[in-house]
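Trainee: I have a model open and would like to learn how to read it. Can we go through it feature by feature?

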Amino acid sequence: MNLFQLPGSPAAEQPEWAATAGGRACGVVLPGYRPVSASLAIAPSVSVVIPALNEAANLPHVLGSLPEWADEIVLVDGHSTDDTVAVARRLRPDIRVVTQRGTGKGDALLSGFAACSGDIIVTIDCDGSTDGREIIRFVSALVAGADFAKGSRFASDGGSDDITVGRRCGNWLLSTLVNRMFGTRYTDLCYGYNAFWAEHLRALAPDCPGFEVETLMNIRAAKAGLRIQEIPSFERSRMHGSSKLRVIGDGWRILKVIFREKFGCDQKEHSARPVPESITIPLLGVAAFGAAEAEQDFR
Ligand SMILES: Nc1nc2c(ncn2[C@@H]2O[C@H](COP(=O)(O)OP(=O)(O)O)[C@@H](O)[C@H]2O)c(=O)[nH]1
Ligand SMILES: [Mg+2]
């Protein structure tokens, strides 16, 4: 069943509620709708940010899994020594390649966010473990009312072929710590698959260099009172190459960021933190119809 009016359809067939349905709809059928599934059309533009450090071999799979309705793909190269950039450009001539200034995944994401022009920003890894076909779940949750759609390998039908026993235990301990300290109900703290409205970049302010970036964003989303929805996601094994994460070193950085966010800085200081000049906060022209696919479990 069609739950929305697409441009070009006879006006008489448009259901009365169509112009007002959806939390952010504004009473008119806006240009730019595009169908993303049989029951969902969106108007907001979607940018996908992919941090990549020597991931040339994984790029065909990663780029091939992205939905064609994504407006912008931003690859953030971490000074790769393989042909990551050349392969990306060959596979997707329209891809935006950003070279990060510093090092680390957090630094890469910040560079990528600054280059995005979309209303919605999705982050996805470049190791072949995260499936671009799940992006619809994240976008559905956002257009249905969430501010921050947070991937989780441990919520309902999520899972992982990639995580080791040690990392699973560490993630559980750190998630439990954050939940106790910040009153959240996160099931997965350290996962790279997330999405949010670009207007919340200032609140999320991911100003850290390394793998602690997802933890920082999750904590700041909670501190800013954003509506957070966990999205079940399945993480497959990395396809080629090996993980850049060091369990002890990066675990320690994550622990430090948790305590810093609790005891080291107040909200006033945080919201005053500068955002790179090139981050734009686009005006939203959003309407969501038939977002039945999105779960309404705001955390
Ligand atoms: N640009 C950039 N990307 C990075 C850096 N470190 C990791 N990444 C990317 O971040 C993603 C997750 O890294 P990965 O090694 O798979 O970590 P894991 O999933 O936690 O084991 C991959 O796409 C990496 O290429 C970095 O310093 N710079
Ligand atoms: Mg990985």
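Trainee: Which residue takes a positive phi just after α4?

Mentor: Glycine 145, with a phi of about 135 degrees. Bear in mind that this is a predicted model.

Trainee: Where do I find positive phi in residues other than glycine?

Mentor: Histidine 79 is one case, with phi near 60 degrees. Alanine 205 is not a glycine either, and its phi is about 30 degrees.

Trainee: Which loops hold them?

Mentor: Histidine 79 sits in the loop between β4 and α2 (84-91). Alanine 205 belongs to the loop between α6 and α7.

Trainee: Is alanine 205 buried or exposed?

Mentor: Count C-beta atoms within 10 Å; 20 or more others make a residue buried. Alanine 205 has 20 of them, so it is buried. Histidine 79 has 14 C-beta neighbours inside 10 Å and therefore counts as partly exposed.

Trainee: What share of the protein chain is buried?

Mentor: Of its 299 residues, 45% are buried. The chain has nine helices and eleven strands.

Trainee: How do I judge whether a helix such as α4 is enclosed?

Mentor: Count its buried residues. Helix α4 runs over residues 135-143, and seven of its nine residues are buried, so the rest of the structure largely encloses it. The buried ones are Ile135, Phe138, Val139, Ser140, Ala141, Leu142 and Val143.

Trainee: How many residues of α3 are buried?

Mentor: Nine of eleven, so α3 is mostly covered. Buried there are Lys105, Gly106, Asp107, Ala108, Leu109, Leu110, Ser111, Gly112 and Phe113.

Trainee: Which residues come nearest to ligand 1?

Mentor: Start with the shell, then pick out its nearest members. Around ligand 1 there are 20 residues, and Pro51, Gly78, Ala108, Cys126 and Ser243 come nearest. Ala108 is also among the buried residues of α3.

Trainee: Which elements each supply at least two residues of that shell?

Mentor: β3 (46-52), β4 (72-77) and α3 (105-115) do.

Trainee: How does the shell around ligand 1 divide by class?

Mentor: Seven residues are nonpolar, six are polar and seven are charged.

Trainee: Now helix packing. How do α7 and α8 cross?

Mentor: Read the axis distance and the angle together. Helix α7 covers residues 213-223 and helix α8 covers residues 247-264; their axes come within 9 Å and cross at roughly 20 degrees. An angle under 35 degrees counts as roughly parallel, so α7 is roughly parallel to α8. The crossing is right-handed.

Trainee: Which residues of α7 and α8 meet?

Mentor: Thr215, Leu216 and Ile219 come from α7, and Ile254, Val257, Ile258 and Glu261 from α8. By class, this contact has five nonpolar, one polar and one charged residues.

Trainee: How do α5 and α7 cross?

Mentor: The axes of helix α5 (residues 165-182) and α7 come within 11 Å, and the crossing is at roughly 20 degrees. That makes α5 roughly parallel to α7. This crossing is right-handed. Leu174, Val178 and Phe182 of α5 make the contact with Thr215, Asn218, Ile219, Ala222 and Lys223 of α7. By class, five of these residues are nonpolar, two polar and one charged. Thr215 and Ile219 of α7 also meet α8.

Trainee: Which residues is proline 67 in contact with, leaving aside its neighbours within four places in sequence?

Mentor: Val36, Gly132, Ile135 and Ile136. Ile135 is one of the buried residues of α4. Proline 67 and isoleucine 136 are 69 residues apart along the chain, with C-alpha atoms separated by 8.2 Å. Proline 67 itself lies in the loop between α1 (59-64) and β4. With 16 C-beta neighbours inside 10 Å, proline 67 counts as partly exposed.

Note on methods
Residues are numbered from 1 along each chain as its sequence is written. Chains are lettered from A and ligands numbered from 1 in the order in which they are written. This is a predicted model: local features need pLDDT of at least 70, side-chain atom pairs count only at pLDDT 80 or more; totals for chains, interfaces and linings use all residues. Axes are lines fitted to C-alpha atoms, for helices over the stretch in contact, and angles run from 0 to 180 degrees between N-to-C directions. Helices (H or I, at least four residues) and strands (E, at least two) are DSSP runs, numbered from the N terminus. Angles under 35 degrees count as roughly parallel, over 145 as roughly antiparallel, 65 to 115 as roughly perpendicular and the rest as oblique. A crossing is left-handed if the near helix is turned anticlockwise from the far one by less than a right angle, and right-handed if clockwise. Two residues are in contact if their C-beta atoms, placed from the backbone, lie within 7 Å. Ala, Val, Leu, Ile, Met, Phe, Trp, Tyr, Cys and Pro count as nonpolar, Asp, Glu, Lys and Arg as charged, and the others, Gly among them, as polar. A residue is near a molecule or strand if its C-beta atom, placed from the backbone, lies within 6 Å of it. A residue is buried if 20 or more other C-beta atoms lie within 10 Å of its own, exposed if 12 or fewer, and partly exposed in between; C-beta atoms are placed from the backbone.
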